[in-house]
Amino acid sequence: SERRSADDVLAPLGPVDHRVVYRTRAPAGLAAALRPHVEGAWAVTFASPSAIDHLLAALPASATPPIAVECAGGSTLRRWNERRPSQWPPAVPQEHP
């Protein structure tokens, strides 16, 4: 992961102290808000691994697979491809112009 890579770079300089400086939480009512948008044809772009976790936890059982999934950043791409339902498409990396 990126954190382990950073630790590998920093460790020779001295002890590495990890502190939680923010936490992500799903917004209240996410499941209800998603319902009308995840039945039928839909696509999604993720900007963080936590957004993937929140979406997957809130999806109604009636959700259809997205037609496309785009992810910004390597950790986000890995999270989707590790956690996605097997019948759902793998993500593609977000393209920058």
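Reply: Start with one term. A polar contact is a pair of N or O atoms within 3.5 Å. Keep in mind that this model is predicted.

Me: Which backbone oxygen lies 3.1 Å from a polar atom of the Thr76 side chain?

Reply: The backbone oxygen of Ala72. Thr76 itself is found in helix α4.

Me: Is Thr76 buried or exposed?

Reply: Buried means under 20% relative accessible area. Thr76 has a relative accessible area of 2%, so Thr76 is buried.

Me: What does Thr76 touch, not counting residues up to four places away in sequence?

Reply: Phe46, Ala47, Ser48, Pro49, Ile52 and Cys71. Pro49 and Ile52 are also among the α3 residues that meet α4.

Me: How do I describe two packed helices?

Reply: Use the angle between their axes and the distance between the axes. Here, take α3 (residues 49-58) and α4 (residues 74-83). Their axes come within 8 Å and cross at roughly 30 degrees. Angles under 35 degrees count as roughly parallel, so α3 is roughly parallel to α4.

Me: Which residues make the contact of α3 with α4?

Reply: From α3, Pro49, Ile52, Asp53 and Leu56. From α4, Ser75, Thr76, Arg79, Trp80 and Arg83. They divide into 4 nonpolar, 2 polar and 3 charged.

Me: Why do residues three or four places apart point the same way?

Reply: Because an α-helix has 3.6 residues a turn.

Me: Which residues of α3 are buried, and what do they pack against?

Reply: Pro49, Ser50, Ile52, Leu55, Leu56 and Ala58 are buried. The buried residues of α3 pack against α2 (30-34), β1 (43-46), β2 (68-71) and α4.

Methods: Residues are numbered from 1 along each chain as its sequence is written. This is a predicted model: local features need pLDDT of at least 70, side-chain atom pairs count only at pLDDT 80 or more; totals for chains, interfaces and linings use all residues. Side-chain values use heavy atoms; hydrogens and water are left out. Axes are lines fitted to C-alpha atoms, for helices over the stretch in contact, and angles run from 0 to 180 degrees between N-to-C directions. Helices (H or I, at least four residues) and strands (E, at least two) are DSSP runs, numbered from the N terminus. Angles under 35 degrees count as roughly parallel, over 145 as roughly antiparallel, 65 to 115 as roughly perpendicular and the rest as oblique. Contact means heavy atoms within 4.5 Å. Ala, Val, Leu, Ile, Met, Phe, Trp, Tyr, Cys and Pro count as nonpolar, Asp, Glu, Lys and Arg as charged, and the others, Gly among them, as polar. Buried means under 20% relative accessible area, exposed over 50%, partly exposed in between (1.4 Å probe, protein chains only). A polar contact is a pair of N or O atoms within 3.5 Å; within protein, one must be able to donate a hydrogen and the other to accept it, and residues adjacent in sequence count only if both atoms are side-chain atoms.
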